[in-house]
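Please keep the model open while you read.

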Amino acid sequence: MSHALDASGDGGSDTPNLDFAGTTPYEDYVQADVLTHLQHLRSDDPGEMVFLVTTQVMELWFTVIVHEWETAAQALREDELPVAMDALKRSLRELEALNSSWRPLAQLTPGQFNAYRAALGEGSGFQSAMYRRMEFLLGDKAASMLVPHRGAPRVHAELEKALQEPSLYDEVLRLLARRGLPVPPSVLDRDLSQRYEPSPGVEAVWTALYAAPDAHPDLHRLGEVLTDVAELVWRWRNDHLVATRRAMGAKTGTGGSAGVTWLEKRATKNVFPELWTARSHV
């Protein structure tokens, strides 16, 4: 017979239903049992669990942020700027949460990291397909980054699609052009599968927008929220660099990457570059 008890074991009319024929509705929606059994440790070191779970949490945040930026790109394509702004603003809070994911790992000593580093084998964060989709949406594209995923057809197809599609920034620049701003045709008609390169013409457009913010207030606000996104991406890269430097110094990274040297180069690159350089001319 079905019955309901409150947390204290006493019945009552205001108690939640605790008796379900199958799994709980919460489990059906969240899939918590799946999530909490995806941790397959490869060492006996107790510190490996936090490393693995933190990395998995990062992957979930990558997924959410990709969703937000794809939503924003689609909205910009359809001239729905308020929808795009809402998605971009949500992504700011999500980027802050993503960046906070470094905290459990930020003070790893070399000894602590080496205790389970061998368990990673050839695994490395640059192999993350969802992070690669984030980078592609930011305009940092390279066909070579599809190579590690040739053995996973669905993932490879998703990355190939993202490589060929306009980035978030491409959609922003197309919107500016539709609003009558002089975005150079060479930028609008560029090969979308290539990395975005800074343009003096685009810099001039942002300079004009910032010099006279009342002329296009909604585009000025768009520029500011994009700058917020870019700043948080820069902070993500720097936090990654610092955590790696503390844990392994200048040694070769997992998966044969250059480790700190590679991360240092990444940390010097600005997202949406003309939004930064234009400020020197206002």
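On a 1 Å grid over the protein atoms alone, a pocket is an open set of points with protein on both sides within 12 Å along at least five of seven lines, a cavity is a set of points where a 1.4 Å probe fits but cannot get out, and lining residues have an atom within 4 Å of a point. The model is predicted, so to speak of local features a pLDDT of at least 70 is needed and side-chain atom pairs count only at pLDDT 80 or more, while totals for chains, interfaces and linings use all residues. Residues are numbered from 1 along each chain as its sequence is written, and side-chain values use heavy atoms, with hydrogens and water left out.

**The largest pocket**

- The largest pocket has a volume of about 1,200 Å³, a volume being the space filled by probe spheres set on the grid points, which are joined across faces, edges and corners.
- Its lining counts 38 residues, and Phe51, Thr55, Gly123, Ser124 and Gly125 lie nearest the centre.
- Helices α3 (48-77), α11 (217-248) and α12 (260-267) each supply at least two residues of this lining; helices here are DSSP runs (H or I, at least four residues), numbered from the N terminus.
- With 8 residues, α3 gives the most to the lining of the largest pocket.
- By class, the lining of the largest pocket has 19 nonpolar, 14 polar and 5 charged residues; Ala, Val, Leu, Ile, Met, Phe, Trp, Tyr, Cys and Pro count as nonpolar, Asp, Glu, Lys and Arg as charged, and the others, Gly among them, as polar.

**The cavities**

- The structure holds 2 cavities of 30 Å³ or more.
- The largest cavity has a volume of about 50 Å³, and its lining is made by Leu98, Tyr131, Met134, Glu135, Leu138, Val233 and Trp236.
- Helix α6 (129-137) and α11 each supply at least two residues of that lining, and the largest share, 3 residues, comes from α6.
- The lining of the largest cavity divides into 6 nonpolar, no polar and 1 charged.
- The second largest cavity, with a volume of about 30 Å³, is lined by Asp170, Leu173, Arg174, Val187, Leu188 and Leu192.
- Two or more residues of this second lining come from each of α8 (168-178) and α9 (185-188), and α8 has the largest share, 3 residues.
- The lining of the second largest cavity holds 4 nonpolar, no polar and 2 charged residues.

**Aromatic rings**

- The whole structure has 9 aromatic pairs; rings of Phe, Tyr and Trp (its six-membered ring) pair if their centres lie within 6.5 Å, with planes under 30 degrees apart counted as stacked, over 60 as edge-to-face and the rest as tilted.
- Phe51 and Phe113 form a tilted pair, 5.9 Å centre to centre with 45 degrees between the planes.
- This pair links distant parts of the chain, with Phe51 in helix α3 and Phe113 in helix α5 (residues 110-117), 62 residues apart.
- Both Phe51 and Phe113 are buried (under 20% relative accessible area, with a 1.4 Å probe and protein chains only).
- Phe113 and Tyr116 make an edge-to-face pair, because their ring centres are 5.9 Å apart and their planes stand at 90 degrees.
- Both Phe113 and Tyr116 lie in helix α5, 3 residues apart, about one turn of the helix, and Tyr116 is buried, as Phe113 is.
- Phe62, Trp102, Tyr131 and Trp236 form one aromatic cluster; Tyr131 and Trp236 are also among the residues lining the largest cavity.

**A charge over a ring**

- The charged end of Arg279 sits over the ring of Trp276, 5.8 Å from the ring centre (the criterion is NZ of Lys or CZ of Arg within 6 Å of the ring centre and within 35 degrees of the ring normal).

Technical notes:
Buried means under 20% relative accessible area, exposed over 50%, partly exposed in between (1.4 Å probe, protein chains only).
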